[in-house]
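Reader: Please take me through this model term by term. I would like each label set against its definition.

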Amino acid sequence: MSPESRAGLGAAVVLLAVISGVELADGPQPHYIGLLAAVPFLTALFVPWREVLIVGATATAIAIAFSVFANEPSMSNALNVCGIMAATGIAAVAGTLRARQAERLAELAKLASVAQTAVLRPLGPEVGTLAVAGRYISATAAADIGGDLYEVVDTPYGVRMIIGDVRGKGLDAVRLASIVLGSYRHVAYERADLRAIVADLDRAVARSVGDEDFVTAALVEERGGTLTIVNCGHPAPLLLRRGEVIPLEPPASAPPLGFTPVVRPRVERLEPGDRLLLYTDGLAEARRDGEFFPTAARAWRLLGHGTVGDGLASLESALSEWVEGRLDDDIALVLMEYAGARPATANVAVPSWELGADA
């Protein structure tokens, strides 16, 4: 029996004792035994039907005892006893239905967890030469799955990452997120150019959604210390370097996937120890009393220590405290740390915009 069930059963026993005590204090003529009908209903909220019947039988026996030892047995006492027996039967049926519903919800939660693992595979702790951690924070306590997405893969063209946010919620958002991730996991290994990956993902989204649906996304590639970012209407990643937090805004804005984005890459040279935070707009929109969570102002203090997993745990804890446990939207987070350049891979096409491509 779970702690909640034990607590509920204990509350029912206490209610039984309180009603009995009041009845004893009132005198020999019973006036309150009808209240005992509430006891099996309270029990049915927490425990299976067998315990409901036991508690109901106890309440019925107590009511019969008060009726038998009354100075003047009456029809009302007999009706109260019958009412308690009827309440016990109804409560047992209700308890059975509640237990079945709880089992169905537990099974659905298990299926959602399996689906979450299939859609968002665990990240890290290392991908290529990068330390990587990912975290999904659901706005719904009963579900750990939604339309936010992320992935990190080690390809012949370097370590590539994507983070995205599907417009809308529910199963349709999950379906579209799985389509985007499935396409990305294929083309990330095939395309030398991030812009070609964007074009492929845009076609996949356009084939799968209506005219008003879209996916914001940011794609990142790290190769030999060169960081390349393309952004499709997504919040800009944050570069953490030597105590500073630098938003990596794109050179020009581009619409989300599904609206035929034409992206311009932003290229940065990484330094050992640099960290990069990718996030969805659930973090940017998290607020308390109208005040937004100060992500950029607190990013270094929260994310610049320990492992990347420690950093995301600190960020989630601070965010939960800020919003007092109430989020309006799901949040996906990816934090990576660059330790140093790895040897270049021979015979691999280099996108023309990357630093050193001419050489």
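This is a predicted model: local features need pLDDT of at least 70, side-chain atom pairs count only at pLDDT 80 or more; totals for chains, interfaces and linings use all residues.

Author: Start with pairing: two strands pair if DSSP finds at least two bridges between them. Strands (E, at least two residues) and helices (H or I, at least four) are DSSP runs, numbered from the N terminus. Six strands form an open sheet in the order S1-S2-S13-S10-S7-S8, with antiparallel pairing. S1 and strand S8 (244-247) stand at its edges with a single partner strand each, so one side of each has no neighbour in the sheet.

Reader: What makes S1 and S2 a pair?

Author: Strand S1 (residues 126-127) and strand S2 (residues 130-137) are joined antiparallel over two bridges, and at least two are required, so they pair. Glu-126 stands opposite Ala-131, and Val-127 opposite Leu-130. Two residues lie between the strands of this hairpin, where Gly-128 takes a positive phi near 65°. S2 also pairs with strand S13 (residues 331-338), antiparallel over eight bridges; there Val-132 has Met-336 as its bridge partner.

Reader: Which helices lie across S10 and S13?

Author: Helix H8 (residues 295-303) lies across S10 and S13 as well as S7 and S8, at about 50° to S7. Helix H9 (residues 308-323) lies across S2, S10 and S13, at about 25° to S2.

Reader: Why are H1 and H3 called roughly parallel?

Author: Axes are lines fitted to C-alpha atoms, for helices over the stretch in contact, and angles between N-to-C directions run from 0 to 180 degrees. Helix H1 (residues 3-26) and helix H3 (residues 49-68) pack at about 5°, with axes 11 Å apart. Angles under 35 degrees count as roughly parallel, over 145 as roughly antiparallel, 65 to 115 as roughly perpendicular and the rest as oblique. H1 is therefore roughly parallel to H3. Contact means heavy atoms within 4.5 Å; on that basis, residues including Leu-9 and Leu-16 in H1 meet residues including Val-55 and Phe-66 in H3.

Reader: What is the strand order of the five-strand sheet, and which strands stand at its edges?

Author: The order is S3-S4-S5-S6-S9, with antiparallel pairing. Strand S3 (148-155) and strand S9 (266-269) stand at the edges, each with a single partner strand, so one side of each lacks a neighbour in the sheet. The twist averages 15° from one strand to the next. Eight bridges join S3 to strand S4 (residues 158-166), and Leu-149 stands opposite Gly-164.

Reader: How do you know that Arg-121 and Glu-151 form a salt bridge?

Author: The term requires a side-chain nitrogen of Lys or Arg within 4 Å of a carboxyl oxygen of Asp or Glu. The N to O distance between Arg-121 and Glu-151 is 2.7 Å, so the pair qualifies. Arg-121 is in the loop between H4 and S1, and Glu-151 is in strand S3, 30 residues apart. The whole structure has 15 salt bridges.

How values were computed: Residues are numbered from 1 along each chain as its sequence is written. Side-chain values use heavy atoms; hydrogens and water are left out.
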